[in-house]
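Here's a quick tour of the model on screen.

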Amino acid sequence: MPRQGQHDRFERLYIAQLKALLSSGGVPVTYDQDRAAIDTGLHLFVEGADNDYLATHTRVWFQAKGKRTATLSGEQFDAASSVSTSVEVDHLRYWYAAPEPVYLAVFVESKDLFIAEDVRVIV
């Protein structure tokens with residue numbers, strides 16, 4: 001019988017949470033195939049007249065990672081000045097060279113929150 005491991009389930013849940021969070025600022029953009037080393041994007045909208053939302057020409061992209069509570073407790077997070085996560089160097093180069101901003105977003109399960117930073121700032 002096919003199975004889904006704990007890591008796969010955790011990733012599916014935090015990616016869905018990220019998309020839900022982002023959707024208030026625009027329209028989530030997703031690749032049909034996960035071959036671009038980017039989990040999701042967001043086509044940004046701005047509020048216009050009559051509470052309409054107008055599409056901008058701006059998109060931003062997100063690569064998400066997750067930290068389980070067993071790996072990073074709430075107390076460890078509160079005491080930390082940064083949170084590290086492993087990424088492939090080739091992916092980092094790809095994101096850095098992208099024409100549109102790419103954010104590395106880390107979901108911290110113990111705090112039920114995302115922290116994110118533009119890859120260009122990280123580099």
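## The pocket

E5 puts the most residues into the lining of the largest pocket, 3 of them. Strand E4 (102-108) and strand E5 (113-118) each supply at least two lining residues. Elements here are DSSP runs numbered from the N terminus, with helices being H or I of at least four residues and strands E of at least two. A pocket, on a 1 Å grid over the protein atoms alone, is an open set of points where a 1.4 Å probe fits, with protein on both sides within 12 Å along at least five of seven lines; lining residues have an atom within 4 Å of a point.

How much space lies in the largest pocket? About 260 Å³, where volume is the space filled by probe spheres set on the points, joined across faces, edges and corners. The lining includes Ser82, Val83, Leu104, Ile115 and Glu117. By class it has 8 nonpolar, 3 polar and 1 charged residues (Ala, Val, Leu, Ile, Met, Phe, Trp, Tyr, Cys and Pro count as nonpolar; Asp, Glu, Lys and Arg as charged; the others, Gly among them, as polar).

## Where the numbers come from

This is a predicted model, so local features need pLDDT of at least 70 and side-chain atom pairs 80 or more, while totals for chains, interfaces and linings use all residues. Residues are numbered from 1 along each chain as its sequence is written, and side-chain values use heavy atoms, leaving out hydrogens and water.

## The first helix

Helix H1 (residues 6-22) has 17 residues and reaches 24 Å from first C-alpha to last, close to the 24 Å expected at 1.5 Å times one less than the number of residues. Phe10, Tyr14, Ile15, Leu18 and Leu22 are its buried residues, buried meaning under 20% relative accessible area with a 1.4 Å probe, protein chains only, and exposed over 50%. Seen down the axis of H1, they fall within an arc of 125°, so they line one face of the helix; the arc is taken from the directions from the axis to the C-beta atoms.

What do those residues pack against? Strand E1 (26-29), strand E2 (40-47), strand E3 (53-67), E4 and E5, with contact meaning heavy atoms within 4.5 Å.

## The whole chain

The chain has 4 helices and 5 strands, running α-β-β-β-α-α-β-β-α from the N terminus. Its C-alpha trace spans about 45 × 40 × 30 Å along the principal axes, and buried residues make up 28% of the 123 residues.

Ala70 sits in the loop between E3 and helix H2 (74-79) and counts as exposed at 82% relative accessibility.
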